[in-house]
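Here is a short briefing on the structure below. It covers the disulfides first, then a hairpin.

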Amino acid sequence: QLQLVESGGDLVQPGGSLRLSCAASGFTLDEFAIGWFRQAPGKEREGVSCIASSDGNTDYADSVKGRFTISRDNAKNTVYLQMNSLKPEDTAIYYCAAAKFCPAGTWGYWGQGTQVTVSS
């Protein structure tokens with residue numbers, strides 16, 4: 001069964017950091033582009049970042065550029081999202097998904113999500 005599982009969400013104060021993990025099972029993650037998305041209460045899901053499978057190129061939403069970094073560890077079959085200088089508006093459920101291309105992919109194999117709450 002092809003599956004992505006997110007972890008690492010937590011409650012953190014503004015200005016703090018978190019690292020989210022997206023672990024794959026049932027397939028080799030480096031064959032796919034992996035994207036991070038988020039959905040805040042009452043808002044539509046938005047793309048946060050993605051990393052290509054072939055050359056490792058990355059893409060970021062303007063709202064997170066300079067604060068978030070996406071990376072992949074193929075040996076661990078895991079993609080990470082390092083989030084620094086967190087703001088209350090980063091509060092959301094964060095999901096990862098797989099596609100052929102980043103950023104212009106058709107995303108699938110969605111995980112169940114991990115909650116990030118930024119609050120003092």
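The disulfides of the chain follow the pattern 1-3, 2-4, counting bonded cysteines along the chain. A search of the whole structure finds two disulfides, a disulfide being a pair of cysteine sulfur atoms within 2.5 Å. This is a predicted model: local features need pLDDT of at least 70, side-chain atom pairs count only at pLDDT 80 or more, and totals for chains, interfaces and linings use all residues. Residues are numbered from 1 along each chain as its sequence is written, and side-chain values use heavy atoms, with hydrogens and water left out.

**Cys22 and Cys96**
- A disulfide joins Cys22 to Cys96, with S to S at 2.2 Å.
- The torsion about its S-S bond is about 80 degrees, so the disulfide of Cys22 and Cys96 is right-handed.
- The pair links distant parts of the chain, 74 residues apart: Cys22 lies in strand β3 (residues 18–25) and Cys96 in strand β9 (residues 92–99). Strands are DSSP runs (E, at least two residues), numbered from the N terminus.
- Both Cys22 and Cys96 are buried, meaning under 20% relative accessible area (1.4 Å probe, protein chains only).

**Cys50 and Cys102**
- Cys50 is joined to Cys102 by a disulfide, S to S 2.0 Å.
- This link is right-handed, with 75 degrees about the S-S bond.
- Cys50 and Cys102 are buried.

- β7 and strand β8 (residues 78–83) pair in the antiparallel sense over six bridges; pairing requires at least two DSSP bridges between the strands.
- Ile70 has Leu81 in β8 as its bridge partner.
- Four residues separate β7 and β8 in the hairpin, and Asn77 in the turn has a positive phi of about 55 degrees.

How values were computed:
Buried < 20%, exposed > 50% of the residue type's maximum accessible area, 1.4 Å probe, protein only.
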